[in-house]
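Work through the exercises below with the sequence and model open. Try each task before reading its solution.

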Amino acid sequence: MTIDQSVREIPGAGRRSRGGRRRRRPSGVRRWLRPVALTTGLVVVAGCGGAYLYVRHLDANISHAPLGAGNAPPPAGQADAQGRVAMNILIIGTDSRKGLNGAYGDRQNTGDGNNDVNILLHVYPDRRAAVALDLPRDSLVDLPKCTSPDGKVYPAKKHRPLNEALGRGGPGCVTDTVQSITKLKIDHYALVNFEGVKELTDAVGGVDVDLCTAIKDPDSHLDLPAGQSHLTGEQGLQFVRTRHGVQDGSAIGRFSMQRAFLSSLLRKITAQGTLLDPTKAFPVIEAATKSITVDDPIAGTTKLVGLATDLRNVKPADVSFVQPVMAYTTDDPDPDLRGKAEMVQPKADQLFALILADRTLSGDEDHTGGAAAPSGSPDAGSSAPAAPAAATGVNPASVNVTVVNGTGRGMVATSTAKTLGGLGYQASPGSDTGRTARSTVRYAQADQKPAAEAVATALGLPASAVVAGGSGRGVTVTLGTDFQAPAAGGGAAAPVAVPSAVPTDVKVHQGDDTSCTQGKTGTLKQ
């Protein structure tokens with residue numbers, strides 16, 4: 001049974017819409033764990049007649065809201081030989097303290113909260129493997145116009161933290177925002193909160209983790225020794241909330257803790273006997289449904305069972321955890337946004353394109369189910385350029401470009417690198433330089449001159465901007481105060497090429513990885 005069939009054939013049981021404001025809606029980190037557990041756990045429960053009847057009474061626990069916030073979704077991925085397409089499930093965690101009686105600080109945060117966890121679970125067409133793509137909360141993105149369930153309209157905003165989306169129209173706005181970033185069509189979402197992490201941790205009998213070094217974080221109150229530890233409910237929440245005691249103390253580095261916890265949770269839930277025994281299964285399902293908000297089409301335990309049935313063959317070893325390469329926004333013109341994060345381009349878009357094309361990230365077997373690349377799109381196994389080669393015969397995909405900001409304006413190097421990345425160049429922002437009057441495009445090797453000329457043309461710079469100099473291979477663009485970004489709307493943006501492998505610097509971790517998790521190091525490591 002597919003999820004579409006389950007929605008048609010099983011009566012919907014969602015009794016409370018978000019517009020009706022049910023008395024307790026799921027918040028934060030707790031909800032991002034539930035959907036993962038629910039997805040894996042209900043699959044087994046659905047096979048037990050008594051358990052199947054039992055879960056129907058849990059429908060009233062589940063809150064639901066619209067899937068989107070008024071924006072058209074991108075097209076679905078390519079269908080395989082059996083007509084199946086990939087499924088994308090967005091796991092959202094809110095930091096709302098609603099109903100927590102002032103616990104965990106930030107007593108005023110009792111509304112929708114912020115979407116501090118954004119993990120997109122991309123399930124391949126053959127339903128045997130998945131990618132868990134983490135988008136850090138501090139990522140500076142363009143937020144689309146969103147309409148809340150009660151009709152309030154939030155205008156589009158540029159260059160804002162991703163975790164502001166939830167407060168601009170609910171989980172549907174988070175869905176629309178993530179779709180605009182990744183170009184991946186989201187089929188469903190699940191929103192979870194703080195309390196859910198604790199309840200689920202206890203419901204499965206605790207979660208085992210392994211630390212390379214001891215962690216003592218006064219902010220999350222986590223205090224664990226090096227080596228293996230068995231986490232109970234409160235410790236589970238402390239573990240996934242810890243960031244100041246991990247790597248460089250950022251929200252980016254915290255993903256290593258969340259990844260370790262989720263992997264261990266998945267391993268435990270799918271272990272032989274964990275959910276085959278109804279006495280073990282029911283507490284997990286009960287804990288999951290008590291604090292979850294899902295999109296309207298899957299509101300109801302039986303519908304979630306249908307969804308889980310679709311995913312019954314996904315095992316921890318076949319789940320790849322990944323995060324785009326990130327950089328800190330030290331040069332942002334807004335002081336409040338300095339120290340936030342940005343996705344390094346074109347690597348981030350290349351990663352998204354790889355996922356959209358259903359290419360494996362682990363280097364293992366193909367999971368596309370026999371899907372072929374769409375007509376006219378770059379071949380999945382090549383590094384063909386995203387745009388046609390310039391008249392000079394330059395292949396943009398073969399040109400490495402470093403963009404240096406000398407304009408005196410913040411984020412210009414980043415946005416320009418993204419523009420070049422969209423044209424197929426291997427472009428990334430470099431360290432800023434002092435204010436420079438004249439823009440230049442430098443090349444060190446004679447055979448790189450055509451590439452430099454092509455880059456200058458793409459940026460609207462005159463031929464006189466191309467000069468010899470520098471060292472090594474590649475092209476260096478220094479943007480001066482004379483630089484004006486190419487006018488928007490000059491033509492349709494070319495699709496990002498599907499790379500032949502995971503972009504460099506992107507680290508992939510499998511769900512069966514039991515290696516220790518690093519504590520405070522002062523540096524960021526994916």
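**Exercises on disulfides and a helix**

With the bonded cysteines of the protein numbered in sequence order, the pairing reads 1-2, 3-4. The model is predicted: local features need pLDDT of at least 70, side-chain atom pairs count only at pLDDT 80 or more, and totals for chains, interfaces and linings use all residues. Residues are numbered from 1 along each chain as its sequence is written, and side-chain values use heavy atoms, leaving out hydrogens and water.

**Exercise 1.** Find the handedness and setting of the disulfide formed by Cys146 and Cys173.

*Solution.*
1. The sulfur atoms sit 2.2 Å apart; a disulfide requires them within 2.5 Å.
2. The S-S torsion is about 80 degrees, so this disulfide is right-handed.
3. Cys146 lies in strand β6 (residues 146–147) and Cys173 in helix α4 (residues 171–182), so the pair ties together parts 27 residues apart in sequence. Helices (H or I, at least four residues) and strands (E, at least two) are DSSP runs, numbered from the N terminus.
4. Cys146 is buried, at 0% relative accessible area. Cys173 is also buried, at 0%. Buried means under 20%, exposed over 50%, partly exposed in between (1.4 Å probe, protein chains only).

**Exercise 2.** Are Cys212 and Cys516 buried or exposed, or in between?

*Solution.*
1. Their sulfur atoms are 2.0 Å apart, forming a disulfide.
2. Cys212 has 27% relative accessibility and counts as partly exposed.
3. Cys516, at 36%, also counts as partly exposed.

**Exercise 3.** Which residue follows α11?

*Solution.* Gly424 follows α11; its phi is positive, near 100 degrees.
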